[in-house]
Structure formats: C-alpha cells, structure tokens
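Visitor: I'm new to this one. Could you show it to me and walk me through a few questions?

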Amino acid sequence: MSAEPVLQVRNLRAHIGTARGVVRAVDDVSLDVDRAQALGVVGESGSGKSVMAKAVMGLLPPRAACSGEVLFEGRDLLSLPRKERAQIWGKQIAMVFQDPGRSLNPVVRIERQLTEGMRRLLGTSRSEARGKALELLSEVGVPDPERRLRNYPHELSGGMRQRVMIAIALACEPDLLIADEPTTALDVTIQRQILDLLRRVQRDRGMSLVLISHDLAVVAGRTDRVAVMYAGRLAEVGATRSVFDSPRHRYTHALLEATPALDHERNAPLRLIPGSLPDPTDPPPGCRFTARCAQVEDDCRDPGPSMALVGADHYAACTRPVAAGDVPLPVGGGSGGR
Amino acid sequence: MVLPVLSRIGRSLLVVLLVTMAVVLLMSLAPGSAAEVILGEAATPEAVAALNAKLGLDQPLWAQYLNWLGDAVRGDLGESPVTGQPVTEAIVERLPVTLQLAVMALLLALVVSVLLAVASAVRPNSLVDRAINAVSSVFLSVPAFIAGPLLIYVFALQLGWFPVTGWSRLSDGIGPNLLGALLPAIAIALTEIAAFHRVLRADLIGTLREDFVGAARAKGMSGAYVMLRHALRPSSFSLVTLAGINLGRLIGGTVIVESLFALPGLGQLLATSIVTRDVVTVQGVVAFIAVVYVGVNTAVDLSYRLIDPRIRKVATA
Ligand SMILES: Nc1ncnc2c1ncn2[C@@H]1O[C@H](COP(=O)(O)OP(=O)(O)O)[C@@H](O)[C@H]1O
Ligand SMILES: [Mg+2]
C-alpha cells in the first residue's frame, strides 16, 4: 500500500494472569491496517481476536500484561501517556462490540449515549450534537430517528441496537473502526444488513475497518485483506482474494475445507477441524497447529516457522506451506467479487 | 403504570391494618388489664372496672379495635392515661427530632458510603479497597451503644467540639441544632455506612464488568465519567432498597441513641411509655411507626421505576 498504515501492531503480546496460569492470549502478533481499507481477522473462538482488539482499545483488565507496540499514526498506544491516549480512543479509533444488547447502557437514553462522545471529546454544543445524532441514525438506517433518540435500549430490536452502536462509533468520525463479531449475536437475516452497512460506511467515509469474526463467510467479499489467527499467533495474512483462493498455511487450508461453502446465507461454524485449540497457558513449541496438522515434521516444532512472503501481498507462517493454487474443495468466497 | 402502583399501595394498607390489629391483640394478652397497671396494686376493683370502662377495655376485642381504628384514621390516637397528653400531640412534638436524626444519619451514610464504594470498586482488592473494607468491618461490628459513648467521650468531652447531650430546637437557630444532632447522627450512621458500602461496592464491581462500561470507555469517556454517569445508577438498586428499609427502621427506632444522647425523640417516647406501661401511647406510637415504615418501603418500591426504565416497561406491558 502506498501511504503509511493507519495502525501497525508490532510483536504484540497480551498475557493474562488467571488462577489456572498465564493465558498467552496474544503471542507475538504483527499486523498492519491500511488506510481506507477493510481488514478481516478470522480464527476460531479462543484464538485471541478479542484480546487483540481490547489491547488496541486499552480495555484489557489490569492483570493483563501487554508488550510490543501498537502504533497509531506512528504513536505507540501501549506507552502513550493516559491523557494522550484519551484523545485517540473514541475520537480516532472506535469500536463496535459483539452483543449490542449488552454494550448499550440499559438505563441511559439513546440520545445521551450517542451524543456524549461528541459533547465531551469534541466540545460540540447540545443542539448541534443532537442534529448530528439524527444524521448519524439516518446514515446507519434507523427509521424515525427523532423518536429513537428518546428511547432506551430495551425499546429497540437487536438489529436496531447494533445500528445505534455503529452510529455511536461513527459519531466522532474515527479514522479506524474495530468491529468485534458485530453480528454474532444477531439473526441471520439481520447479520447481512449490518455487515453490508459496515462495509458501506467504511467506503463512504474512507475509513479503515477491522472486521473480526470466527466466521469466514462474514469476512469474505467484504474485506480487502484478511488475517488468520490461531492460538494467539498469526497464521496467514494477505489480500482476501488471494488467501481464500490459494491458502498457504495448513490451518487456513483446513479451515476453508471444513467450511461448507462461503455463502453469505450460511453461518458456518469453524469447529469442524478435528481436535481443539492448544492449552493457552501452555502452548506447544514452534507452530501451534502441530497437534491438528497432517503434515507435521520435527522442524515444525523446532525451530518452527516464521512469517514469510508466499505470494504478492501474501504471508504465511508455515514450515511446509500448501502449494500455490492448491484450492480447497468448496471455495465460494474468493471466486465472486460480490 | 397506574394499576401496579395502586395494587402496591393496597398491599401496604393491608400490612398496616394487620400490624395495628396485632398491637391491640398483644396489649390485651399482657397480664393484668391496663387499668390495673395504671392504677397500681392498691386500687379498688371498682376503680379498676371504672377505668377499664372509660378506656373501652370492657368491650370485646374486635369492638376495641374498631373503636381505636375509627379514631386513629381521624388522627386521634387516644389520650395517655399516665400523662394525660393526647398521643397524637406527643408524637407530633417528638417527630421532628427523630426525623431529623434519621434523615441526617441516612444522608451522611449515603454520601460517605458512595464515595467509599466508588473508591473500592475502581480497583477491587487493591490496598485502598482492602483498607476501606477493614474499616467498614469495624463499623459494622461496633453497635451504636458502644460507638455513641466513644464519640461522646472523644469529640464532646475531650475535644469539646460538640455538646455532650441534649437537643436544641431548630427554631433556636440552625447552627446549634445541627451541631447537637451531628454526633448522634454519626453514631447511627457508622453501621449504615458499612452496610451501604458493602452492598454498593459489590454491585458496582459487577456493573463495571458489564460490556456497556467497556463500550463507554472505548468511546473515550474518562474513568470518573463512566463511574458516575454509567455505572452508579444501574448499581444502586440494592442501595436504594437498603436505604429505604433503614430510613423506615431509623424513624421507628433510634431508641438507643436517643437515650444515650438524651434526645426528646420518638424512640425515647416509646421507651418511657413501655416502662410506665402506658398502653395507649405504646399502641399509638407503634401504629405510627408501622405506617411510616410501610409508607417508606412503598415509596422505595415505586422509585425503582425511576432508576430503571425497563421496569416501567414491564409494569405497563
Ligand atoms: N479477561 C480474560 N481473562 C482471562 N482469560 C481471558 C480473558 N479474555 C480472554 N481470555 C482468554 O484468552 C484467549 C483468547 O480469547 P479471545 O480473545 O476472547 O478469543 P476470540 O475472541 O478469538 O474468540 C482464550 O483462551 C480466553 O479464554
Ligand atoms: Mg471474541
């Protein structure tokens, strides 16, 4: 990409102390989010996607230890003084969460939840913020915005709540929007509307988007690049088309094969690869996929793979990558531009 | 909205009726008639019978109750056979003292406990939190009859900041009045502070784990703003309930502290009438306390609607 990426994650580690030991939720992940582009982050539940997003937003509990760098426009969010970071969250980076039913305050009217960011961060006047709120609600497709402003969250449907959450995230015109499983809690029919809405506002506003999902179909066709996470590590990253058409990491390959068809109507679970994620407190040495991989040899464990260029804008961390063009059987996502 | 409110008030009235019935019944169960008690051992049977008839105690229980109730709803709680003062007048005379004490103690406890709970919940199990918890445990386990004398000793006798005992009326100037009420209010508030702190701390910690708190922080809202504008209100149910129950309780029963500090309140009135076997006054005061208690609790129940809009919704649905 030409311009400098809006967000650069460098060797990010997020280790969370628990009663059962230190959970190595994110372990040495490096990733770029390009300007005005959409990046998908996929991987099965527990692979560390949410922890990574929370590390960027400073939302991890105090017992979590983060190291590495999260560079936003060149400034490291992990080491920035609190005052300066406060200028970034909400204003320049915003987030949409999984469950809109739980991420809106049940006892606060929509109007205040929607306008408090503008009022407190941008110093917008009350009436101006109200006008902006009405515009935002129309932009995200909430009918009758006047009335909605006076509503409490429980008076809205799940899909409407998520639209409101997106409006809230857009309120201060962020450069980057992180959406963590934004549709997982919603009905299938609503899911698609919300995903298309996200992609539309991302394009209209020239904003960057990180779309996190355990579901490949969510990301396919709606993102420019995709990163595949496995057990706290990055397995593969590249142009979405390239990764889906020709996955090089054994995990991505297995994942695509296990996914029935990359069809927007389906909500395909990713739990179809035999076996399960390694113990996050005690991951195996080298590649973390070894226990479930069919092509394991000694060098997968020691020294283990490192991220390498495997094609144009396509990287994979695999000792024995799948041959280029070895298309997993039922591919649907990469073939159509949609 | 209207129907559930009415039914709540209806239930409250029922409770008041039952309590007053129980009071009439209990008094008739006590050994000896009220007249015997009032007139003393030396009284002639004729005199006793005459007084019983005057007090209406020769009638069947239900008639006694109905008579009493009929007068009570008109604000007439009878006349003390001991002092000759109408009971209603005695209550009205002493109510301001107790009310002021209860309200001051409660406000003090609320302000202090909210501050402490917020300080605790910001970082649970931190040094600050553990120190506050330790202090609050001490408050909780020290009853007013120990805290009271201790406060009197330190702040009134040694430091001389407050009068030792006694009450100066509000009409004699607000300064001396507040000064006189503060120490007893603190004596009452200590336990309340501890109880309120526990409840609110636990609820706040729970709320701060909610997704909407993370979402508010992700919006760039400061920690203090999130605490005050997002977390405090949804965490305040148990606190409001407890504070309401305790306000009712305090109005009926600051007996110990009123005695310790020699304050002319309702508790003192009740205590003296029990000692002098003043049946009529005891009945009247207990009935009054029951009405206040039930009234406050009803108001608390209805106030949930103000805290949480979802309850309004359910109630109207
Ligand atoms: N607050 C937390 N405390 C302890 N462990 C956590 C916490 N949050 C996440 N984890 C652990 O970190 C790992 C990654 O979790 P997460 O990022 O939520 O996965 P994903 O979002 O990819 O499904 C999991 O093993 C999970 O159990
Ligand atoms: Mg997640």
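Visitor: Which residues of helix α11 in chain A are buried?
Guide: Before that, a word on the ground rules: this is a predicted model, where local features need pLDDT of at least 70, side-chain atom pairs count only at pLDDT 80 or more, and totals for chains, interfaces and linings use all residues. Residues are numbered from 1 along each chain as its sequence is written, chains are lettered from A and ligands numbered from 1 in the order in which they are written, and side-chain values use heavy atoms, leaving out hydrogens and water. Buried means under 20% relative accessible area, exposed over 50%, and partly exposed in between (1.4 Å probe, protein chains only). In α11, residues 250-258 of chain A, the buried ones are Tyr251(A), Thr252(A), His253(A), Leu255(A), Leu256(A) and Ala258(A).

Visitor: What covers those buried residues of α11(A)?
Guide: Helices (H or I, at least four residues) and strands (E, at least two) are DSSP runs, numbered from the N terminus. Covering goes by contact, meaning heavy atoms within 4.5 Å. The cover includes α9 (216-219), β9 (225-230), β10 (233-239) and α10 (240-245) of chain A.

Visitor: In the open sheet of 4 strands in chain A, which strands stand at the edges, and why is one side of each left without a neighbour?
Guide: Two strands pair if DSSP finds at least two bridges between them. The order here is β2-β1-β4-β5 (chain A), with antiparallel pairing. Each edge strand has a single partner, so one side lacks a neighbour in the sheet; the two are β2 (21-33) and β5 (75-76) of chain A.

Visitor: Which residue is the bridge partner of Leu7(A) in β4(A)?
Guide: Strand β1 (residues 7-18) and strand β4 (residues 64-72) of chain A run antiparallel to each other, paired over 8 bridges. In β4(A), the partner of Leu7(A) is Phe72(A).

Visitor: Is Ser30(A) buried, partly exposed or exposed?
Guide: Ser30(A) sits in strand β2 of chain A. Leaving out residues up to four places away in sequence, Ser30(A) touches Val9(A), Arg10(A), Asn11(A) and Leu234(A). With a relative accessibility of 32%, Ser30(A) is classed as partly exposed.

Visitor: Which backbone nitrogen does the side chain of Ser30(A) reach?
Guide: A polar contact is a pair of N or O atoms within 3.5 Å; within protein, one must be able to donate a hydrogen and the other to accept it, and residues adjacent in sequence count only if both atoms are side-chain atoms. Here the distance is 2.9 Å, and the nitrogen belongs to Asn11(A).

Visitor: Which residues form the salt bridge between chain A and chain B?
Guide: A salt bridge is a side-chain nitrogen of Lys or Arg within 4 Å of a carboxyl oxygen of Asp or Glu. The count between these two chains is 1. At 2.7 Å, N to O, the side chains that meet are those of Lys219(B) and Glu116(A).

Visitor: Which element gives the most to the side of chain A that touches chain B?
Guide: Those giving two or more residues are β6 (93-96), α3 (100-103), α4 (110-122) and α7 (158-170) of chain A. With 6 residues, the top contributor is α4(A).

Visitor: How many helices does chain B have?
Guide: Of the 317 residues in chain B, 41% count as buried. Its C-alpha trace spans about 85 × 60 × 35 Å along the principal axes. Chain B has 0 strands, and its helices number 15.
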